[in-house]
Every structure is written in C-alpha cells, then in structure tokens.
Amino acid sequence: MTKRTKKVGVTGSDGMAYRYGASLRKQVKKMEVTQHARYVCAFCGKNSVKRHSTGIWNCRSCKKTVAGGAYTLTTPAAAATRSTIRRLREIAEV
C-alpha cells in the first residue's frame, strides 16, 4: 500500500487536504499530532499518557489522571511557573 498523504499527514482526512490554506493546515497538523501522541508519565515513568478530553490526560499504566494543556501534557506557562516556584523554594531554604 502506498503512502497517501505526503505533506498534509493527519489533516488529509475530512476533506481538509485541499481546504483552508497551507498555514492553517500546518497549525492543525501540529495540534493533532501532539494531542494524539503518547507522553511519559511523571508518576510511573512509562510512555503511556494519552489525552482523554480537553486538558485531561490519563496514564494507562498506573491509572493516574493529570490536568494539563489542551493539546500537550504540559504548557509553556506551566513550565515557567514550575521553574519560578523551584527558584523561590531554593531562595527560601538558603
């Protein structure tokens, strides 16, 4: 079987392969690839976290449920907040 979608990837379904313009298709492709990917669980360390619904992520190994971003497990804002909290903790304990 030959490869059907060379450029558009997952956006080739639903007739989106030729609609809405290339830039919007690329944005949608990026979102769909990240939301359907598996992520590493922070609790058990296995690559088994999948998106359940918008912002809700489930680990299929240890059955933990985590709140995260809509399309990725962690958002850039959450990473910045984590690093700020870590920095403030280090300052407080010194």
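Predicted model: local features only at pLDDT ≥ 70, side-chain atom pairs only at ≥ 80, totals over all residues.
Ground rules. I number residues from 1 along each chain as its sequence is written, and side-chain values use heavy atoms, with hydrogens and water left out.

Confidence. I looked up pLDDT (the predictor's confidence in each residue, from 0 to 100). The chain averages 90, and 98% of the residues score at least 70.

I find strand 1 (residues 49-53) antiparallel to strand 2 over four bridges; pairing requires at least two DSSP bridges. Arg 51 sits opposite Trp 57 of strand 2. Two residues separate the strands of this hairpin, and Gly 55 in the turn has a positive phi of about 80°.

I noted about 170 Å³ of space in the largest pocket. A pocket is an open set of points on a 1 Å grid over the protein atoms alone, where a 1.4 Å probe fits, with protein on both sides within 12 Å along at least five of seven lines; lining residues have an atom within 4 Å of a point. Points are joined across faces, edges and corners, and the volume is the space filled by probe spheres set on them. The lining has 16 residues, and Ala 42, Phe 43, Val 66, Leu 73 and Thr 74 are the closest to the centre. Strand 2 (56-59), strand 3 (65-67) and helix 2 (76-93) each give two or more residues; strand 2 gives the most, three.
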